[in-house]
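Here are my notes on the charged pairs, for you to check against the coordinates. Have a look at the side chains as you go.

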Amino acid sequence: MTTTSETAQIPVRLAFDSFAAGYSRAMGHLDQAATKELDKAEIDPKLRELIRIRASQLNGCAYCIDMHTKDARAIGETEQRIYALAAWRETSFFTGRERAALAYTESVTLVAQTHVPTEDYDAVAAHFSPDEIGALTSLIVTINAWNALSVATRAWPPGSYEA
């Protein structure tokens with residue numbers, strides 16, 4: 001068996017920041033607004049990154065998975081929890097609060113399929129205040145928008161982000 005260290009090259013489809021610069025800046029402002037809501041609601045930074053990673057996994061956004069796993073490790077999230085995130089329902093590594101947020105993340109991310117069932121909303125509402133749910137929803141919508149841009153354009157190559 002022959003092994004090679006050659007990696008696949010994934011070409012950029014559209015340098016989005018160059019061809020839609022105004023919108024790209026607006027997305028940056030949206031991200032900042034979501035972060036302000038998260039700060040105001042005092043949502044744990046580790047949970048923020050877990051949510052970003054999980055939504056990015058569901059959307060198949062390699063750049064965002066790379067970025068947010070690096071960011072999560074930089075703030076002390078464990079490798080074990082990051083690796084287990086795709087199977088979070090099958091592990092005991094996450095608290096009830098985190099599990100409710102992850103279920104809500106999945107429902108909102110897959111909104112066309114799920115329509116965010118009442119049980120998912122009720123579960124998140126059992127662990128989070130309305131202000132916190134507003135902040136979580138802002139985060140989930142924002143990461144899903146970033147994922148859509150990244151997957152559609154491949155504007156930002158995975159591995160190009162440095163924490």
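1. Asp66 and Lys70 sit four residues apart, about one turn, in helix α4 (residues 62-74); helices here are DSSP runs of H or I, at least four residues, numbered from the N terminus. Their side chains meet in a salt bridge, 3.1 Å from N to O, the term meaning a side-chain nitrogen of Lys or Arg within 4 Å of a carboxyl oxygen of Asp or Glu. Asp66 is buried at 19% relative accessibility, while Lys70 is partly exposed at 21%. (Buried is under 20% relative accessible area, exposed over 50%, partly exposed in between, with a 1.4 Å probe and protein chains only.)

2. A caveat on provenance: this is a predicted model, so local features need pLDDT of at least 70 and side-chain atom pairs count only at pLDDT 80 or more, whereas totals for chains, interfaces and linings use all residues. Residues are numbered from 1 along each chain as its sequence is written, and side-chain values use heavy atoms, leaving out hydrogens and water.

3. Which residue does Glu49 pair with in a salt bridge? That would be Arg52, with the closest N and O atoms 2.6 Å apart. Glu49 is buried at 8%, and Arg52 is buried at 10%.

4. Glu132 forms a salt bridge with Arg97, at 3.0 Å between the closest N and O atoms. This pair links distant parts of the chain, 35 residues apart: Glu132 is in helix α9 (residues 130-153) and Arg97 in helix α6 (residues 96-109). Glu132 is buried at 14%; Arg97 is partly exposed at 28%.

How values were computed:
Helices (H or I, at least four residues) and strands (E, at least two) are DSSP runs, numbered from the N terminus.
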